[in-house]
Amino acid sequence: MRRLFPVTDVTDETAAAEGAAGREWSLAELAAAYAYPEAGPEGRAPWLRGNMVSTLDGAAQHEGRSQPISCAADMRIFGVLRALADVVVVGAETVRQEGYRPARARAEFAAAREAAGQWPAPAIAVVSASLDL
């Protein structure tokens, strides 16, 4: 069985003493855990992944931004998912509130992206009803 929520930071000494289960996963281990399915006989199939954070009461933002409700572990996984993606789809309000810029290439993922036939960084696709960017 594949673990869905890997340890991305060690906050408990007992967990750290347990070895691999309690240590922080490397970026390569996170990338392997969240890798796209293997290509089938007809090649690589399209794949869509969603990722978001929320508070216990279901809020997905605080004062228009998601960063205040994210922790370091959330941001680490978010970064890995972005590094694996071909395209990152972002809502226009998020672009406005969080000051989005083009994605940057990350050296840690350069070889894997090249091997997968991807550009050095994912494209950013903005979804907007008004085109008010």
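**Notes on a predicted protein chain**

1. Let's start with the contacts. In the protein chain, 57% of the contacts with a separation of 6 or more are made between residues 24 or more positions apart. Keep in mind as you read that this is a predicted model.

2. Next, the overall layout. The protein chain has five helices and two strands. Reading from the N terminus, the order of the elements is α-α-α-β-α-α-β.

3. How much of the chain is buried? Of its 133 residues, 25% are buried.

4. H3 covers residues 72–84, which is 13 residues. From its first C-alpha to its last, H3 reaches 19 Å, close to the 18 Å expected at 1.5 Å a residue.

5. Which residues of H3 are buried? They are Ala73, Ile77, Gly79, Val80, Leu81, Arg82, Ala83 and Leu84. An α-helix has 3.6 residues a turn, so residues three or four places apart point the same way. The cover over the buried residues of H3 includes H2, strand E1 (87–91), helix H5 (110–115) and E2.

6. Now try Ala28, which sits in helix H2 (residues 27–33). Ala28 is 80 residues from Glu108 in sequence, yet their C-alpha atoms are 8.3 Å apart in space. Is Ala28 buried or exposed? Ala28 counts as exposed because its relative accessible area is 58%, and the cut-off for exposed is over 50%.

7. There is a nonpolar patch on the surface to find as well. Val87, Val89 and Val127 make this patch, which has an area of about 270 Å². One of them, Val127, belongs to strand E2 (residues 123–127). With a relative accessible area of 52%, Val127 is exposed.

8. Two backbone angles deserve a look. Glu63 is not a glycine, but it has a positive phi of about 55°. You will find Glu63 in the loop between H2 and H3, and at 68% relative accessible area Glu63 is exposed.

9. Leu131 is the other residue to check. Leu131 has a positive phi of about 60°, and it is not a glycine either. Where does Leu131 lie? Leu131 is in the segment after E2, and its relative accessibility of 67% makes it exposed.

Notes. Residues numbered from 1 in each chain as written. Predicted model: local features only at pLDDT ≥ 70, side-chain atom pairs only at ≥ 80, totals over all residues. Heavy atoms only, no water. Patch = residues over 30% accessible without salt bridge, like charges linked within 9 Å, V, L, I, M, F, W, Y side chains within 5 Å. Areas by Shrake-Rupley, 256 points an atom, 1.4 Å probe, with all protein chains shown as cover. Salt bridge = Lys/Arg side-chain N within 4 Å of Asp/Glu carboxyl O. Helix = DSSP H or I, 4+ residues; strand = E, 2+ residues; numbered from the N terminus. Buried < 20%, exposed > 50% of the residue type's maximum accessible area, 1.4 Å probe, protein only. Contact = heavy atoms within 4.5 Å. Expected span 1.5 Å × (residues − 1).
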